[in-house]
Amino acid sequence: MRYIFDNDMHIHSHLSSCSSDPEQNTAAILQYALKNQLTTVCITDHFWDATVPGASNWYQKQDYAHIIDALPLPQHEGLRFLFGCETELKSDLTLGIARENFDKFDFVIIPTTHLHMNGFTCRGDEDAAERAELYVKRFDAVLDMDLPFRKVGIAHLTCSLIYSGHHIEVLNLISDDEFTRLFKKAAERGVGIELNFNSLSLTDETRDATLRPYRIAKSVGCKFYFGSDAHHPAGLAAEKANAENIIDLLELTEEDKFKI
């Protein structure tokens, strides 16, 4: 059975500093879910645990006391509205949430490819080859942690933040064998793989490089969830068409769905 687009597990609200849009609130997210007949949505504002040293200035104010302003979440019959977060992985491989605090969240997103935060997640002067090495090292590091992977998602696996203007070059430097090893480990851990890219803007130059990691992940048994990564209402409105196209491009079925 074809994968049913019924989930969006990566949505920001105005509480994320990269949004700060009063229109991007839980009431708007609820209406988006109902309009598109979603059964699970998750709010995932940026978060750095105050018990973990080393937050950047940008992350420092986005602690638990800040993001719980989203609670209580609106409820509706037939819809699970989950409370999650998007944390960060520093350049020294420190994760921005303590293991014991995972219980505060329904779902935790970890982006391993946020290599745009110079001096925090990377030096900033790495070339494409070095960033390909970081891609693998950081993905491995998360998968080797003692985490409740049943409620963890790996985000942004093909995003431009890997190396602005050159992220396709970075992806092409990672071999099929290396991707296969990484995704086999991900499948063994039971972690969710996020589908979060603009499939409607793919070109002949970018299509294969963008889809290759996900096709390999699918072939070794990884499970997928959707993440609009919406920061504004327009991002929510655009997600259904994008998600349906991704389902077709990757030939996803219900067997490929990540469930928590």
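Helices and strands are DSSP runs numbered from the N terminus, a helix having at least four residues and a strand at least two. On this numbering, Ser20 is placed in the loop between β1 and α1. The model is a predicted one.

**Helix α9**

- Helix α9 takes in residues 239-250, which makes 12 residues. At 1.5 Å a residue it should span 16 Å, and the distance of 16 Å between its end C-alpha atoms agrees with this.
- The buried residues of α9 are Glu239, Asn242, Ala243, Ile246, Ile247 and Leu250. These residues cover an arc of only 140° around the axis, so they lie on the same side of α9.

**Pockets**

- The largest pocket holds about 320 Å³ of space. Its lining consists of 15 residues, and Thr158, Cys159, Ser160, Phe197 and Asn198 are those nearest its centre.
- By class, the lining of the largest pocket has five nonpolar, nine polar and one charged residue.
- The second largest pocket has a volume of about 160 Å³. Of the 13 residues that line this pocket, Ser228, Gly235, Ala238, Glu239 and Asn242 lie nearest its centre.
- Four nonpolar, seven polar and two charged residues make up the lining of the second largest pocket.

**Backbone features**

- Between Leu71 and Pro72 the peptide bond is cis, with omega near 0°. Pro72 belongs to the loop between α3 (64-67) and β3 (80-86).
- Ser20 is not a glycine, yet its phi is positive, at about 55°.
- Glu251 follows α9 and is also a residue other than glycine with a positive phi, near 50°. Its relative accessible area is 61%, and it counts as exposed because that value is over 50%.

**Buried loop residues**

- Thr112 is located in the loop between β4 (107-111) and α4 (128-143). With a relative accessible area of 0%, Thr112 is buried, because the value is under 20%.
- Leaving aside neighbours within four places in sequence, Thr112 is in contact with Arg138, Phe139, Val142, Ile154, Ala155 and Leu157.
- Gly227 is found in the loop between β7 and α8. Gly227 is likewise buried, with a relative accessible area of 2%.
- Not counting residues up to four places away in sequence, Gly227 touches Asp8, Met9, His10, Glu194, Leu195, Asn196 and Glu239.
- Gly227 and His76 are 151 residues apart in sequence, and their C-alpha atoms are 20 Å apart in space.

Notes. Residues numbered from 1 in each chain as written. Predicted model: local features only at pLDDT ≥ 70, side-chain atom pairs only at ≥ 80, totals over all residues. Heavy atoms only, no water. Expected span 1.5 Å × (residues − 1). Buried < 20%, exposed > 50% of the residue type's maximum accessible area, 1.4 Å probe, protein only. Arc of directions from axis to C-beta. 1 Å grid on protein atoms, 1.4 Å probe; cavity = no way out; pocket = protein on both sides within 12 Å on 5 of 7 lines; lining within 4 Å. Points joined across faces, edges and corners; volume = space filled by probe spheres on them. Nonpolar A, V, L, I, M, F, W, Y, C, P; charged D, E, K, R; others polar. Contact = heavy atoms within 4.5 Å.
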